[in-house]
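Me: I would like to go through a structure with you. Could we take the ligand surroundings, the sheet and the buried parts in turn?

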Amino acid sequence: MDQDIPAVTGFGNCTGCAVCLLTCPVWRRTHDVLMTNCGRTRSLQAGAVPEDLEASAEACLFCGACAAVCPSGVDTLSLTAALRAALSSKRKAAERRRCETSFAYAGRTVLLPGPDLRADALLLEKLALLLGAAVPPGDELPDLAADLDAGLRAAPEELRAATAAADGASAFVAAEGFALRHLRKWFPALPSKGLGEALLGSCRGGLRHGDLYVVDARAFNSDRGRLVRFYDAMRQETGCTLSISLQRAAIPAGPARGTPSADSKAQARWVLDHFRPRRIVVEAPSELGLYRMVAGVPVLHLGELA
Ligand code: SF4
Ligand code: SF4
């Protein structure tokens, strides 16, 4: 691990307008401004240090809704990642597997499943077939992205190895939307899409009026300016309802990966109370199990509509 931790910067432009609170699931749950991006930026402006903001930085779901709506263009995700990086330097550095294998899938779309989709072998196989995509044997790139979001920094040779391993791929589809902003940075010449955007071409015919379509907030908010039009067209065509707020930011429920917490279940119940769907169709594999736990209506993954 590179111990050269970047300075926490980029908070100076925050005006404290609190627009980002309106879309933040942590604000909705806690009503504690200090736990939000607004609280972090204003605290940093007032001289707070990363250690003062540890609980706040850890609470963030990295959904990107605040960045999507901020009128001052504050790069909220980079700011929170820098806070976590500063804090992680004080902890025991985590070991990470090196990216040792080559994808060797020249010219093919590569589906990066992440652990939640990889755990559902049938769904993974179906989605890979639908996308005509190759699936790498390991999760090095999503793992690298997750570590960066957790505040751990990649050593330069790790990034070089990951880039070399992906050499020859023609496009990426990421089942974990949080990996997208990293993929776009690492592979600027290659198209990188979220699972929903990649699958909607073949699956949108199965959507209908009364469905709640749960957008992967991390994928959507990472490219909201373009995707808001894409999803609006899909909504008008199919008659489904989208899990998008009045501020046109996608509403997250589950964690980016792993086991849903009690907070995630409460957030998902709030989404369901708000929309009252007859059926739920989700994009993010990490949210499939969550909605199945709390919804009293059928819950499907988008790929199951094909
Ligand atoms: S981060 Fe942006 S939206 Fe949030 S309080 Fe600051 S200026 Fe307003
Ligand atoms: S990324 Fe999501 S959870 Fe984190 S502060 Fe922004 S809106 Fe809140």
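This is a predicted model: local features need pLDDT of at least 70, side-chain atom pairs count only at pLDDT 80 or more; totals for chains, interfaces and linings use all residues.

Me: Let us begin with ligand 1. Which residues come nearest?
Reply: The nearest are Cys14, Cys17, Cys20, Cys38 and Cys70, out of 15 residues around ligand 1.

Me: And which element gives the largest share of that shell?
Reply: Helix H2, residues 37-45, gives the largest share, with three residues.

Me: How does the shell around ligand 1 divide by class?
Reply: Nine of its residues are nonpolar and six are polar, while none is charged.

Me: Now ligand 2. Which residues are closest there?
Reply: Cys24, Asn37, Cys60, Cys63 and Cys66 are the closest of the 14 residues that surround ligand 2. By class, this shell holds nine nonpolar and five polar residues, with no charged ones.

Me: Which helices each supply at least two residues of the shell around ligand 2?
Reply: Those are helix H1, residues 25-30, and H4.

Me: Back to H2. Which of its residues are buried?
Reply: In H2, the buried residues are Asn37, Cys38, Gly39, Arg40, Thr41 and Leu44. The elements covering them include helix H3 (54-59), helix H4 (65-69) and H5.

Me: What happens just after H2?
Reply: Gly47 follows, with a positive phi of about 105°.

Me: Changing topic: in what order do the strands of the sheet run?
Reply: The sheet is open, and its three strands are ordered E1-E2-E3 with parallel pairing. Strand E1 (109-112) and strand E3 (192-194) are at the edges and have a single partner strand each, so one side of each has no neighbour in the sheet. From one strand to the next, the twist averages 20°.

Me: How many bridges join E1 and E2?
Reply: Four bridges join E1 to strand E2, residues 171-174, in the parallel sense. Within this pairing, Val110 lies opposite Phe172 in E2, and Leu112 has Ala174 as its bridge partner.

Me: And how many between E2 and E3?
Reply: Three bridges connect E2 and E3, again in the parallel sense. Here Val173 is opposite Lys193 in E3.

Me: Which helix lies across E2 and E3?
Reply: That is helix H11, residues 195-203, which runs at about 80° to E3.

Me: Next, the largest nonpolar core. Which residues touch the most other members?
Reply: Ala65, Val215 and Val282 do, in a core of 89 residues. Helix H5 (residues 76-88) contributes the largest share of this core, seven residues. As general background, nonpolar side chains tend to be buried together in soluble globular proteins.

Me: What is Val282 in contact with, leaving aside its neighbours within four places in sequence?
Reply: Val282 is in contact with Val214, Glu287, Leu288, Tyr291, Val299, His301 and Leu302.

Me: Which residues of H8 are buried?
Reply: They are Glu140, Leu141, Pro142, Leu144, Ala145, Ala146, Leu148 and Asp149. Just after H8, Gly151 adopts a positive phi of about 100°.

How values were computed. Residues are numbered from 1 along each chain as its sequence is written. Chains are lettered from A and ligands numbered from 1 in the order in which they are written. Two strands pair if DSSP finds at least two bridges between them. Axes are lines fitted to C-alpha atoms, for helices over the stretch in contact, and angles run from 0 to 180 degrees between N-to-C directions. Two residues are in contact if their C-beta atoms, placed from the backbone, lie within 7 Å. A residue is near a molecule or strand if its C-beta atom, placed from the backbone, lies within 6 Å of it. Ala, Val, Leu, Ile, Met, Phe, Trp, Tyr, Cys and Pro count as nonpolar, Asp, Glu, Lys and Arg as charged, and the others, Gly among them, as polar. A nonpolar core is a set of buried Ala, Val, Leu, Ile, Met, Phe, Trp, Tyr and Cys residues joined through C-beta atoms within 7 Å. A residue is buried if 20 or more other C-beta atoms lie within 10 Å of its own, exposed if 12 or fewer, and partly exposed in between; C-beta atoms are placed from the backbone.
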